[in-house]
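User: I'm new to this structure and would like a close look at a single part of it. Could you pick one spot and walk me outward from there?

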Amino acid sequence: HVWLIGANGTGRRELGRLDNRQGNPGWTRDGRTVLATVQERGSTRLYRFDPEGNAPTVVVPSASQPGRIGAWSAGPNGLLAYTLESEMTPAELYVTGGGAATRALTSVNADFLATRRIAAVESVPFQSANGLEVEAFLTRPLDVDPARKYPLVAMIKGGPHGQQGPTFNAKAQVYAAHGFAVLMVNYRGSTGYGQAFADAIFGDQNGAEAQDVLAGIDAALARHPWLDATRLGVEGGSYG
């Protein structure tokens, strides 16, 4: 979480009191507000924090738009440069503020993406062991034919803290282009769903997280009859 403290070590206080992981904080150029990233249900947004105690506000992307903010830099006259990875594109560099409309400064992936189609990603909320509400994200295969069956790969993230979400995942897109669905489960212990959810692995590490992944697979199979329950794959990285 983002805190302020006096240069002499006094007056420590938390800004915003948002119940999600925050990071990469910095002052705006005028020194009046603090910007920091906040993980929220698979997305990472840039928030503005007011040292005077007003509620934090979303800067980019909007609360209704999925995406992941990476690096950012605040300039003079309210200008803000940032990288944003969206649901359909890898990260590009944008600038906003200063009285001008938001615009992209780079399009380094445009030529490549012009020769590819991007598969859709959908949220799959479900109830897991002990009644815990968990969210997964399903990348659908391209050109789903409801009369056919498609294999499913469970892609287990590292961590256990951290999150996967509705943002561009190159490997999932490759699988989708070859007719595979991909399920990414933000199992208990993940960030972006509040401190209680992140703490739910205490005393049970390597336990109920696996049940969350299995419950997520069941939820995806129940939602989409075109998924093939007899052709399931699994992969993971780091803790996954």
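**Starting from Gln173**

Gln173 sits in helix H2, which covers residues 170-177. Keep in mind as we go that this is a predicted model. Is Gln173 buried or exposed? With a relative accessibility of 10%, below the 20% cut-off, Gln173 counts as buried. Its side chain reaches over to the backbone nitrogen of Ala119, at 2.7 Å. If you skip the neighbours within four places in sequence, Gln173 is in contact with Arg117, Ile118, Ala119, Val121, Thr139 and Phe168.

Let's follow one of those partners, Arg117. The side chain of Arg117 makes a polar contact of 2.7 Å with the side chain of Asp143. Where is Asp143? You'll find Asp143 in the loop between S12 and S13. Asp143 has a relative accessibility of 55%, so it counts as exposed. Leaving out residues up to four places away in sequence, Asp143 touches Arg117 and Tyr150. Have a look at Gly179 as well: its C-alpha atom is 8.3 Å from that of Asp143, although the two are 36 residues apart along the chain.

Now step from Asp143 to Tyr150, the other residue it touches. Tyr150 is buried, at a relative accessible area of 2%. The structure holds 6 aromatic pairs. One of them is tilted, because the rings of Tyr47 and Phe49 have their planes at 40°, with their centres 6.3 Å apart. Both partners are buried: Tyr47 has a relative accessible area of 8%, and Phe49 comes in at 0%. Tyr150 belongs to another pair, with Trp226; the planes of these two rings are at 85° and their centres 5.9 Å apart, so this pair is edge-to-face. What does the pair tie together? Tyr150 lies in strand S13 and Trp226 in the loop between H4 and strand S15 (227-236), so the pair links parts that are 76 residues apart in sequence. Trp226 is buried too, with a relative accessible area of 7%.

In soluble globular proteins, nonpolar side chains tend to be buried together. Here, the largest nonpolar core has 27 residues, and the ones touching the most other members are Phe126, Leu138, Leu152, Leu183 and Val185. Take Leu152 as an example: not counting residues up to four places away in sequence, Leu152 touches Leu138, Ala181, Val182, Leu183, Ile217, Leu227, Arg231, Leu232 and Gly233. Apart from this core lies another one, made of 10 residues, including Leu46, Ile69, Leu84 and Tyr94.

One more detail before we zoom out: Lys157 lies over the face of Tyr187, at 4.1 Å from the ring centre.

And the whole chain? Its secondary structure comes to 4 helices and 15 strands. Of its 240 residues, 46% are buried. The C-alpha atoms fill a box of roughly 60 × 50 × 25 Å along the principal axes. Among contacts between residues at least 6 apart in sequence, 52% join residues at least 24 apart.

Definitions and conventions: Residues are numbered from 1 along each chain as its sequence is written. This is a predicted model: local features need pLDDT of at least 70, side-chain atom pairs count only at pLDDT 80 or more; totals for chains, interfaces and linings use all residues. Side-chain values use heavy atoms; hydrogens and water are left out. A nonpolar core is a set of buried Ala, Val, Leu, Ile, Met, Phe, Trp, Tyr and Cys residues joined through side-chain atoms within 4.5 Å. Buried means under 20% relative accessible area, exposed over 50%, partly exposed in between (1.4 Å probe, protein chains only). Contact means heavy atoms within 4.5 Å. Rings of Phe, Tyr and Trp (its six-membered ring) pair if their centres lie within 6.5 Å; planes under 30 degrees apart count as stacked, over 60 as edge-to-face and the rest as tilted. Helices (H or I, at least four residues) and strands (E, at least two) are DSSP runs, numbered from the N terminus. A charge sits over a ring if NZ of Lys or CZ of Arg is within 6 Å of the ring centre and within 35 degrees of the ring normal. A polar contact is a pair of N or O atoms within 3.5 Å; within protein, one must be able to donate a hydrogen and the other to accept it, and residues adjacent in sequence count only if both atoms are side-chain atoms.
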